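Thanks for coming. I will take one structure today and go through it piece by piece, starting with a loop.

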Amino acid sequence: MSQRTILSFILCLSSFFAASQNKWDLRRSVEYALANNISVKQQDVQARLAELTHYQSRFARLPSANIGTSLGLNTGRSIDRTTNQFTTESIFYTGLNFQTTVDLFNFFSKQNTIAGNKYQAEASIAAVEKVRNDIALNVAAAYLQALLAIEQVNISDVQVKQTLAQLSNTRKLVDAGSIPELNAAELEAQLARDSSTLITAQGNVTRAVLQMKALLNIDPGALFELETPAVERIPVEPISELQPELVYQLALTNLPQQKVNNLRLLSAQKFVQAARGAMYPSVSLSANLQTN
């Protein structure tokens, strides 16, 4: 086998694999969107910020400590800061001080704030799952819409070909004098309508593909081809076997949206308790150490 033949075989094989990799089925589309969609990334950042806020409120229970220093120069008649005696000499002095404060009781304001931030962080984590579910649903809907648009193009193309065939036969009959010219004119008008429908369908495909690319966060100019699944491989559950009450209860129990709502309600209740606690006087202990 010559080198040219081997090279041609490799190029054909590479083109085949590239074409297969560029085809997007529903599973690949959803997985790619969940990993790269901007909304998912933004919500993940919000969840991490909420977790940091929770940690910050926990550390607020610790005593605060401040260390400071000062420098000064006294001239003329003044008090010596180290002996507390009057002096007329110029004195250059430096001072160090240490302060600490700890809350002894504040009507559970900080505890309720910590609990509220904890629920808020858990709600943000659940919100990530909600956004992921929404993105998966949107991708599935856009995928089906794109497949429908592609199928509409195929139907319109068949209709145009059928009209063309009818027009060709009618034109022959008109030339032979069997039927009037009006029949051919009507088919020409029908062909124009069918062609317009085909162009509109092709535009819908372009729009649907661009929507898919936006959801997947990929380059609009990138090669993108949808894989049409076989009809017999699509699982369809009979409507008669569905139990609406059971589906509704499962949704209330398992959907992230319900978890987000419940956690945010608990968080708001804790924040209200924290705000009420801040209305009352608090008891704290302070200490100050200073030297010159």
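Please find N217, which lies in the loop between α5 and β6, the strand at 225-226. This is a predicted model, and so is everything I say about it. N217 has a positive phi of about 60°, although it is not a glycine. Is N217 buried, partly exposed or exposed? With a relative accessible area of 35%, N217 counts as partly exposed.

A second residue goes with it. F107 also is not a glycine, and its phi is positive, at about 55°. F107 sits in the loop between β5 and α4. Its relative accessible area is 33%, so F107 is partly exposed.

Now the whole chain. How many helices and strands are there? The chain has seven helices and seven strands. Going along the sequence, the pattern reads α-β-α-α-β-β-β-β-α-α-β-α-α-β. The chain has 292 residues, and 25% of them are buried. If we take the contacts with a separation of 6 or more, 76% of them are between residues 24 or more positions apart.

On to the helices. I start with α4, residues 109-176, and α5, residues 181-216. Their axes come within 8 Å and cross at roughly 160°. An angle over 145 degrees counts as roughly antiparallel, so that is how α4 runs relative to α5. The crossing of α4 past α5 is left-handed. What kinds of residues make up the contact of α4 with α5? There are 20 nonpolar, 14 polar and five charged residues in it.

Helix α4 has another partner to look at, α2, which covers residues 26-36. The axes of α2 and α4 are 9 Å apart, and the angle is about 140°. This crossing is right-handed. On the α2 side, the residues are L26, S29, V30, A33 and L34. On the α4 side, they meet R132, I135, A136, V139, A140 and Y143. By class, the contact of α2 with α4 divides into nine nonpolar residues, one polar and one charged.

One is E51, which lies in α3. E51 is partly exposed, at a relative accessible area of 24%. How far apart are E51 and E122 in sequence and in space? They are 71 residues apart in sequence, and 8.1 Å apart from C-alpha to C-alpha. The other is F59, also a residue of α3, the helix at 38-59. F59 has a relative accessible area of 57% and is therefore exposed. Between F59 and I114 there are 55 residues of separation along the chain, and their C-alpha atoms are separated by 9.5 Å.

Which strands form it, and in what order? It is an open sheet of three strands in the order β2-β5-β7, and the pairing is antiparallel. The edges are β2, residues 64-74, and β7, residues 283-291; each has a single partner strand, so one side of each has no neighbour in the sheet. Ignoring direction, neighbouring strands here are turned by 20° against each other on average.

Take the two pairings in turn. β2 and β5 pair in the antiparallel sense over eleven bridges. One place to look is A65, whose bridge partner in β5 is T100.

One more item on β7.

To recap, we have α4 in contact with α5 in a left-handed crossing, α2 and α4 in a right-handed one, and a sheet in the order β2-β5-β7. That is all from me.

Notes: Residues numbered from 1 in each chain as written. Predicted model: local features only at pLDDT ≥ 70, side-chain atom pairs only at ≥ 80, totals over all residues. Heavy atoms only, no water. Axes fitted to C-alpha atoms, helices over the stretch in contact; angles between N-to-C directions. Helix = DSSP H or I, 4+ residues; strand = E, 2+ residues; numbered from the N terminus. Parallel < 35°, antiparallel > 145°, perpendicular 65-115°, else oblique. Left-handed = near helix turned anticlockwise from the far one by under 90°. Nonpolar A, V, L, I, M, F, W, Y, C, P; charged D, E, K, R; others polar. Pairing = 2+ DSSP bridges. Contact = heavy atoms within 4.5 Å. Buried < 20%, exposed > 50% of the residue type's maximum accessible area, 1.4 Å probe, protein only.
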